[in-house]
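Hi,

Here is the structure I promised to pass on. Have a look at it, and then read my notes below.

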Amino acid sequence: MVDCNAVMERLNREDRFCAYNGIRLTEVREGYAEAELRVTEHSMNGLGIVQGGALFTLCDLAFAGASNSYGRPCVGLGSSISYLRPGSGESLKAVARVVNAGKSICVCDVEIFNASGKIVAKSSMTGYFLDGKA
């Protein structure tokens, strides 16, 4: 049995880029994770909305939580993201759900929501399990 809280704590502690940018995991369960971005002036682009790279990083950390929740080290292999509305407000939340976890590949859908519950971005992320176990 995987200790998902330990996975969450490790990723929050060791992902220094996310920590520096105000992004952290708030929940991890098997095949599922939530992450939050605390929006600051440093999250904004030139138009005064959350920068696309910050939104992608939020998706990436949620993906890391969900894909690593099986107790197998998983790294990103490929991804796509669609920005559906501007990111704004004090915080944004990403929800990641693993839709398929095979022998070596993991596929995860990630959605970002604003404080009103409206979808901001949608991503599909594919990961590779480094251990290659079935």
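First, a term you'll need: a residue is called buried under 20% relative accessible area, exposed over 50%, and partly exposed in between, using a 1.4 Å probe and protein chains only. Keep in mind that this is a predicted model, so local features need pLDDT of at least 70 and side-chain atom pairs count only at pLDDT 80 or more, while totals for chains, interfaces and linings use all residues. Residues are numbered from 1 along each chain as its sequence is written, and side-chain values use heavy atoms, with hydrogens and water left out.

Let's start with strand 2 (32-38); helices (H or I, at least four residues) and strands (E, at least two) are DSSP runs numbered from the N terminus. Glu 34 lies in this strand and is buried, with a relative accessible area of 12%. Its side chain makes a polar contact of 2.3 Å with the side chain of Tyr 32. (A polar contact is a pair of N or O atoms within 3.5 Å; within protein, one must be able to donate a hydrogen and the other to accept it, and residues adjacent in sequence count only if both atoms are side-chain atoms.) Not counting residues up to four places away in sequence, Glu 34 also touches Arg 24, Leu 25, Thr 26, Glu 27, Lys 93, Ala 94 and Val 95, where contact means heavy atoms within 4.5 Å.

Glu 36 is in strand 2 too, but at 30% relative accessibility it is partly exposed. Its C-alpha is 6.8 Å from that of Thr 26, a residue 10 places away in sequence. Beyond its neighbours within four places, Glu 36 is in contact with residues including Ile 23, Leu 58 and Leu 92.

Next, helix 1 (residues 4-14), where Cys 4, Val 7, Met 8 and Leu 11 are buried. Seen down the helix axis, these buried residues fall within an arc of 95°, so they line one face of helix 1; the arc is that of the directions from the axis to the C-beta atoms. In general, an α-helix has 3.6 residues a turn, so residues three or four places apart point the same way. What do the buried residues of helix 1 pack against? They pack against strand 1 (23-29) and helix 3.

Two loop residues are worth a click. Ser 69 sits in the loop between helix 3 and strand 3 (74-83) and is buried, at 0% relative accessible area. A polar atom of the Ser 69 side chain lies 2.6 Å from the backbone oxygen of Ala 66. Leaving aside neighbours within four places in sequence, the contacts of Ser 69 include Val 2, Cys 4 and Tyr 32. Gly 89, in the loop between strand 3 and strand 4 (91-101), is partly exposed at 45%. Gly 89 and Ser 116 are 27 residues apart in sequence and 9.2 Å apart in space, C-alpha to C-alpha.

Over to you!
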